[in-house]
Amino acid sequence: MAIAVFMKPLDSWFALVTRPRHEKSASVGLRAKGLEEFLPLRRSRRRWTDRVQAIDLPLFPGYLFCRFGLEQYVRVMQTPGVRAVVGFGGKPVPVAASEIDTLQAVLGSGCGVQPWPYLTAGDRVRLADGPLAGIEGILLREKNQFQVVVSVELLQRSVAVEIARESVVVLKATNP
């Protein structure tokens with residue numbers, strides 16, 4: 001006799017819109033509800049009249065990511081600081097898990113990360129070695145420094161990470 005085993009479908013990552021400057025409190029609230037959240041942060045130095053201090057700022061101001069099933073939508077929306085789930089036509093649209101994995105790898109690498117304007121043109125590259133081996137993005141050159149821009153399509157936001165030119169393999173050139 002065969003027994004059918006039904007598995008719960010894997011929850012998807014969604015981008016959440018937060019109230020202005022409430023990314024961290026929304027992140028804490030989601031975590032307190034037992035949900036997996038991801039708030040990409042970058043280190044920034046701020047100068048006041050009496051001191052300079054390093055602080056963590058959201059990489060994507062006004063957004064954070066949360067993994068949940070649509071049955072948990074109401075719980076997510078009831079979290080203080082959360083305004084909406086990013087979507088189209090009133091329906092939430094998941095963020096590709098590979099994009100979240102890439103962001104987590106970039107942030108975990110210890111390389112300098114900064115926000116970058118969303119790009120649609122440029123050479124698509126893959127890093128062949130180093131802590132970011134296998135990561136794909138758009139290659140930029142600013143002065144004598146090379147950077148790879150990694151994008152989150154749904155948010156139309158990007159981040160740039162400094163890399164060594166020797167580790168880059170071109171996948172698709174803009175002008176073949």
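Reader: What share of the contacts in the chain with a separation of 6 or more comes from residues 24 or more positions apart?

Author: A contact means heavy atoms within 4.5 Å. In this predicted model, residues 24 or more positions apart account for 64% of the contacts with a separation of 6 or more.

Reader: On what basis are such values given?

Author: Local features need pLDDT of at least 70 and side-chain atom pairs count only at pLDDT 80 or more, while totals for chains, interfaces and linings use all residues. Residues are numbered from 1 along each chain as its sequence is written, and side-chain values use heavy atoms, with hydrogens and water left out.

Reader: Where does pLDDT stay under 50?

Author: pLDDT is the predictor's confidence in each residue, from 0 to 100. Where it is low, the predicted coordinates should not be read in detail. Here pLDDT stays under 50 over residues 1-8, for which the model has one contact beyond four places in sequence. The chain averages 86, and 88% of the residues score at least 70.

Reader: Why does K24 count as partly exposed?

Author: Buried means under 20% relative accessible area, exposed over 50%, and partly exposed in between (1.4 Å probe, protein chains only). K24 counts as partly exposed because its relative accessibility is 42%. Of the 176 residues of the chain, 38% count as buried.

Reader: Which residues does K24 touch, not counting residues up to four places away in sequence?

Author: With those set aside, K24 touches L39, L41 and D56.
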